[in-house]
Structures are given as structure tokens and as C-alpha cells.
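Let's sit down together and learn to read a few features of a protein model. Which ones would you like to start with?

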Amino acid sequence: MSKTRVTPEEALAFHLEPTPGKFEVTATVPMTTQRDLSLAYSPGVAVPCEAISEDPETAYDYTNKGNLVAVISNGTAVLGLGNLGALASKPVMEGKAVLFKRFADVNSIDIELDTEDTDAFVDAVKLMGPTFGGINLEDIKAPECFIIEQRLKEEMDIPVFHDDQHGTAVICAAGLLNALKLSNKKIEDVRIVLNGAGAAGIACLELLKAMGAKHQNCIMCDTKGVIYQGRTEGMNQWKSAHAVATELRTLEEAMKDADVFLGVSVKGAVTQDMVASMADDPVIFAMANPDPEITPEDAHEVRPDAIVATGRSDYPNQVNNVLGFPYLFRGALDINARAINDEMKIACAHALANLAREDVPDEVALAYGKNLSFGRDYIIPTPFDPRLIHRVPPAVARAGMNTGAARRPIIDMEAYELSLKSRMDPTASILRGINARARANQARMIFAEGDDPRVLRAAVMYQRAGLGKALVVGRADDVKAKLAEAGLEGADREIEVVNAANTLHLETYKQFLYDRLHRRGFDAQDIHRLAARDRHVFSALMLQHGHGDGLVTGATRKSAHILDRINHVFDADKDHGVAGITALLHKGRIVFIADTIVNEWPDEEDLANIAERAATVAQNMGLEPRVAFVSFSTFGYPVSERAEKMAKAADVLDRRGVTFEYEGEMTVDVALNSRAQEAYPFSRLTGPANILIVPARHSASISVKLMQEMAGATVIGPILAGVDGSIQICSTVSTANDILNMAVLAACKVG
């Protein structure tokens, strides 16, 4: 995966729009009627209050405590930026909170404490204990972080976890288990050298020793060299615990004949000579961020037999904390744990290591643009492996139960694993896969409306995200000025601005258009005006002639107008089976609605065409299509001529012998609700439909807008399918991110 370029302007805009910050709080219960209010607050709320007062454990039943984690920092060690203070750490803590939700469905609140006094910090966190099911400490400098965590563990009865220490340690341990397996070495035999005696480094060594590494075989180094018995300079109680009796004094000396190097220090700390001096099949975890102690290229140049991991996503074997903390807390919360102990961390490491040894699902390979299999370049699972959520938390929960950390042991572990599988939002991995495919395709994307600031921002984001080349149709001086107004001064030099005046292909375009349209009432002047002055036609001509790989438009004109213009260049009419498919993403589900743009009143043959187009889009987005032809009746009741064509459309697909699931006619609730489907055991659908084929364009449009406005669904599309070119038409109310999403779909040729 290539490294994505993020500019300061983009980062600030991301945190500013559509609302400041990265998450909001929403109610999980109805709050619309007076009765709702009476139940949620006074007088109804008094009942659970009394129940909790009598039995504090019922707080896990009647409140959100059991799925709520506090992400707490004082900002004394923010990322690699140092002591920025509590307030400046808030964006990082908000980010950590949304990672909890995204990867493990753990609700999280960020809390920034404006104090560097250890006692005050501990007292503040301890006093908040009744609110939360767990505490995640973050970005607190050493040695205070050790003191704070230890005291809170001793004084609180919920899990307290400093991720900067233990998160890195768990993932490091998982990777090392597999690296040693590939090297045919055992953890109790290998010599380990650690460089970086801060919170993460000390935690890594402590966990590895708990897993079997021998104390005398582990050499810890800091900026002053080896930490040996008798050393006094720069020492503290946490370093002293790892001091060994040795004559070695420098990192270079320690590296000689070492089996493993673990780095949580600084860029360039390790030289090629040091790597060359290591034992056979050395393991090198250069985890300094943003740049490793030594790059994999430099390490492999002198030791091709080395297994190398880093903290970066653009190299194989990324040691990424997001593989650990969400799932550790998920497992701990689900047993109402009193603590996260070493056994639970070790169980997490083993679960991750075992997962990396298994066959990798197709959707993961698709997302990363390559086949992944257990080996020297794949010793740690990828963060977007969908199996993580139902493989790691159960291992953590079992360890917690076996060690007495669980308040409420899980009785039916199989049912628990099934519940975890259904808990996560599948749309995130789908979108991730699409973005990865787009990045692999490196499509030249034509942005037709270069006079619109939103389009220009999307084009720049497309280019900077490493997705491909952005071709913007517009006037160079206008594009330059509008980019400067948008805070993107100089970005015009990154993209390519194209227009009729600077292309060498205008005459070719005009001849092609004349040959298509001269028998439809268009003369030479009409053709010139279309090709040279209409940006939608010009853009479509670019695509038709292979001067771009995809086209995105629609931000400035209604879709009907644009479709009419595209029809001049491509066969984009309903007679050729073209359809507009809109994707709705809501509460972890993705549902396609068709046709939302082309066919106004389709008959059964048209509906069957639309279903096939929609099924292709779903498959191209990594889904197994389940099509429902929807109406106001279900399987003939109530009787209506208007509903008959929906049933006949299914008969058309019968004759065509398509391979995807389909059924109809049926009402929307039957289509989307598996319980409702139980009343119709003869139905061919094996689960809720993910494609709804509606009777007419107006009903499709109404459905999409209603879901968008009333339910807050995310809308992608309409996706134009069935055209002999990768063209996507966005909405006139699209944001820059919406336009970018459509460009990504065009790059993937999902239609």
C-alpha cells in the first residue's frame, strides 16, 4: 500500500466538516412522546436507580457502563509531538474513541485532564470509575505513566490499560511468535535486544518475559547504551528491573549474534553493519514512528534472511495498535472484567498470531490489492481483517474467565462468537476494499466541472490520496484562482487542467460526434458547440477516446440534463439496459435501490435488466446480491395490476437463468426483515435483501431522499451501470467527499 499524502488543509477540513470533531452522542431509545420522557427520566428512571443502589452489579444491565470506555490523557506525550497539553491532545483522543467504535463497537468518550500532577490525575480518574466499564490511558509521558497506571489498577475495579505500553507490546508479541515460528526458534532460547527504554519498550520486554523469554537473554538499551547491573546514570526503577549482568555496553555490541531486535526509539538508530552482525534468520521489529530505526530495504540489502516489521502501513508487517486495544476491551467488557491481566494480553497475542497463519479471506486480499499468505511478509493480520472481531475477543474473554477477572462469565461461547460476527458494520470494510482497488487501478479520473470548488477539492484529494491522476476540465486561470480561494494555493500544479483550447484531439472528437449525431438533426455548428463548449460532452468524448479512465460529474447540473449530454457520446439510454443504482448505508447495512435515474416507468423486462445491473454493482462492491422486487403487496396480496409487473419481473429472471438470489413481489418490510420472511417459507431469499428494485423512478427517488433526510443514511450514487464507459453522476448537493467517493467508484468500474 502506498503512503497517503495528507496536507494540513485537508486534515483541518476533515476535523471541521460536516460538524466540528469526529463523533456525536445519539440516543438508543425513543425520545418522542411524553411517555418516552417519563420512562427515560422522571419518574421512570427512579426504578433502575433503586435497583442499582440495592445491587451495584445491575448497573451493567440498566446503563451503558458495560460498553463504555474512557480514553484519558493529560497531553504530556502526544504522538511524537511531545507535551502539547491536555486541550491539544483532544483530536487524538477523539480519534482513539472512534477507533474503538469502528473496530469493536465499543462506545468511548474522550476525557482530557489539565494536570501534570500524578496524584491529581489518579484521583480524577478514580472518581469517574462508576461511569465506565474500562479506562484507556493514552499519551502520558514516562515515568508518570507507570505510576498512574499501577495506582489506578490497584485502586479501581474496572480494567485500566495504558495503550502506549501494552498495545504495542501485544502486537509486537503476536508478530514475534510468528517470526520465530518461521525461523524455527523458540522464545525461551533467543537473544533479544530492545532499543528504547520508554513505556512501550519496557512493556514489550515485560510481556515477552511473561511469555517465556529468559531475563538473561534480554538486553535493554537506551540513549546511554546497555542497561546493565550496576549502571547508575539515567536509571529508574522500571529500567533497573531489566538490568542484566553483562560486559556489553553499546547497542552495536549487543546486536552481535542477537536473534531479535525490537526498536521503539528513533529513526536511524540501527545501521546495516549492526544488522549484518546478527544471528541467522534475524527478526527485526523497527517500530519507531514515523520512520523506523532501519528501513526494510536497508535491512534486506545486507540480510536477505531477515524478517522485518515496522510501524508503517506502506511496508509489510505493520505493528499497529488497532489490532489490539479494541478487541482486548471488547472481550474484557463482555465479561464485565475487573482488570486486563497478562493472561488476557497473552491470549490476545496468540489469537492474532494464529489468525495470521490461516488463509486470508478474499475481501482482505481485494482490499489490499494483493494475495496475502502466512510468511516473512505477512506475520501479523491486517487491521481490516473481518475475522478479528469474532476471533480475538473470545480468546481474551476465556483468559479473563480462567483467571478470575470476570464478573459475569460467558456461558455460551459459540453464541457469543456469532453475536460478534453480526455486531460490526460491514460497510466499512466494503468501502475500504473499494478504495484499495481504486488505488491499485491508478485511473486517470476526469472531473468535468472544474469551475466548482467542491469538484476541485475532490480532484486534489483524489490525486493526493494516491488514487491516480486527476484531469480537471476547466480554464487554467479559473481553476488556479478557485483553488487558492479554497486554501489550496499551488495545487493546480499537481492536477492536470484540460479544455478544448489546449487539447490536440478536438477535431477527432468533433468528427466522432458528427458521425453519431448528423442524422439526429445536428449540423457542424451544433457539433462544434457541443464538443468545444459543453464540458459534459467534452469530458465524455475524452473518456470515449481513452484520454481518461473514468468520469465523474453532476455537481452543477441535474442528472437528467447530464444523462442527455452523455447520450450524445455513449449509448446511455434504457433500451441498452442502463440503470442508476443508489447505495444507502445505514446502521451497519448497505442496501441498493434501483432505478433512481434512467427508467421512469419500467416494464417487467426493464425491471429484470435493472436487477441484473444492480446485482453486478453489488458483486463489484464485494457483496452477494439478494434482489427483492418490492411493491405494496406480497406474493399477490392485495391484488393489483400495478404490482403484477414486479412478480412478472421475477419470472423474466427465471427464464434468463441468472445465478443470484431474487424474489418478489413483496413489501419492503418483508424484503429487509428476516423474521418477516419466516412467514413465507417458499421464498427463494436466504436472508434480508440488499437490492430493492422499485416499480418506478419516482418511488426510487422518494425512498432515497426519505432515508437520507429522516434516517440520516449515507447515500452513494446514483451509480450509473450499463454504459460503455466508467461514468458516475453525483448529486448537486454533494460535498467534496461525496464527489471523491463517486470518483473512487468510477475508478473501480463498479457499474
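Predicted model: local features only at pLDDT ≥ 70, side-chain atom pairs only at ≥ 80, totals over all residues.

Q: In what order do the six strands of the open sheet lie?

A: Here is the general idea: strands of a sheet pair through backbone hydrogen bonds, either parallel or antiparallel. In this structure, the order across the open sheet is β18-β17-β19-β16-β15-β20, with mixed pairing. At the edges sit β18 (661-666) and β20 (714-721), each of which pairs on one side only. On average, neighbouring strands are turned by 20° against each other, direction ignored.

Q: How many bridges join β16 to β19?

A: Three bridges connect β16 (residues 589-594) with β19 (residues 691-693), and these two strands run parallel. To find one of them on screen, look for Phe 592, whose bridge partner in β19 is Ile 691. Helix α27 (residues 641-656) packs on this sheet, where it touches β17 (626-630), β18 and β19. The direction of α27 makes about 160° with that of β18.

Q: At what angle do the axes of α17 and α18 cross?

A: Two packed helices are described by the angle between their axes and the distance between the axes. For α17 (residues 388-402) and α18 (residues 413-421), the axes cross at roughly 145° and come within 9 Å. This crossing is right-handed. Residues making the contact include Ile 389, Pro 393 and Met 401 of α17, along with Tyr 416 and Leu 420 of α18. By class, the contact has eight nonpolar, one polar and three charged residues.

Q: How many salt bridges does the structure hold?

A: Side chains of opposite charge can pair when their charged atoms come close. The structure holds 43 salt bridges. In one of them, Lys 90 pairs with Asp 110, with the closest N and O atoms 2.7 Å apart. Lys 90 lies in helix α5 (residues 90-104) and Asp 110 in strand β2 (residues 107-112), so this pair ties together parts that are 20 residues apart in sequence.

Conventions
Residues numbered from 1 in each chain as written. Heavy atoms only, no water. Pairing = 2+ DSSP bridges. Helix = DSSP H or I, 4+ residues; strand = E, 2+ residues; numbered from the N terminus. Axes fitted to C-alpha atoms, helices over the stretch in contact; angles between N-to-C directions. Contact = heavy atoms within 4.5 Å. Left-handed = near helix turned anticlockwise from the far one by under 90°. Nonpolar A, V, L, I, M, F, W, Y, C, P; charged D, E, K, R; others polar. Salt bridge = Lys/Arg side-chain N within 4 Å of Asp/Glu carboxyl O.
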